[in-house]
Amino acid sequence: MCGRYVIFSTPEAIRALFRYGEQPNFPPRYNIAPTQPIPVVRLVDGKPSFALMRWGLLPSWVEEPKTFPLLINARGESVLDKPAFRNAMRRRRCLIPTDGFYEWQAGAGGRKQAYFVRARTRHDGTPPPLAFAGLWETWTGPNGEELDTAAIVTTDANRTLAAIHPRMPVFVPPEAFDLWLDCDAVPAEEAAALIKSADDALLEAYPISPAVNRVANDSDALIAPISAQASFQQESTSQAKPSKVEKFDDDQPTLF
């Protein structure tokens, strides 16, 4: 599953990786939560295009959004068949830029330890941005209003993350961007071959402060290793509300 994530690479770096023509200027975000607008890359007229969408997919056939579960994740095993996702898997696949995401490991007494997961660092000492596999839909309301929405595709965790959580987001490598995005040329069944656990060498994870549990906290202090920020952790623990995080489950999606 993926219930919170980050994007802090410069707009120029993200644009260069995903090769879209637009030049958006978005700020770094260290605690992106469901229902918030997120950057998405999709094909428009055969070319990668940048868009902002609500995180939480809303199928076009939904009549009342307020009573429909918030689908922040789509289980990769069922995207070809599940009514909420099968049309998007065939016609509306997208990429979601990211620099990492958060996961929580269950501990003794019901307490959960937060972890930050990112790409392993490159030769220059910096971790590269990544691409979540995503699906998107446009919901049209009774008055003609339109809302673009998206979800992150998930799969079984690899060995790097399995000790923390049994699920993980699907990552699409740059060389496969076109295969995932081009819904006209690449059938859903063929694109589904990209839905798999990340290579064990791609990611690294380390414990962080529980301050991430509070959506209002949004700074680079959230991704600092826990040993480097004891004072920040102590200050934020009293404000943190892990119950908000613990509700997320891509087997049983709930409203944020």
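Rings of Phe, Tyr and Trp, the last taken by its six-membered ring, count as a pair if their centres lie within 6.5 Å. In this predicted model, a search of the whole structure turns up 13 such aromatic pairs.

Start with Tyr-20 and Phe-50. Their ring centres lie 5.3 Å apart, and their planes meet at 55 degrees. Planes under 30 degrees apart would be stacked and those over 60 edge-to-face, so this pair is tilted.

Next come Tyr-102 and Trp-104. Here the centres are 6.5 Å apart and the planes stand at 50 degrees, so this pair is tilted too. Tyr-102 is buried, at 0% relative accessible area. Trp-104 is likewise buried, at 6%.

Aromatic residues also gather in a group. Tyr-5, Trp-55, Phe-101, Phe-132 and Phe-171 make up one aromatic cluster.

Finally, turn to arginines and tryptophan rings. The charged end of Arg-42 sits over the ring of Trp-136, 4.5 Å from the ring centre. Arg-93 lies over the face of Trp-180, at 5.7 Å from the centre of that ring.

Methods. Residues are numbered from 1 along each chain as its sequence is written. This is a predicted model: local features need pLDDT of at least 70, side-chain atom pairs count only at pLDDT 80 or more; totals for chains, interfaces and linings use all residues. Side-chain values use heavy atoms; hydrogens and water are left out. Buried means under 20% relative accessible area, exposed over 50%, partly exposed in between (1.4 Å probe, protein chains only). A charge sits over a ring if NZ of Lys or CZ of Arg is within 6 Å of the ring centre and within 35 degrees of the ring normal.
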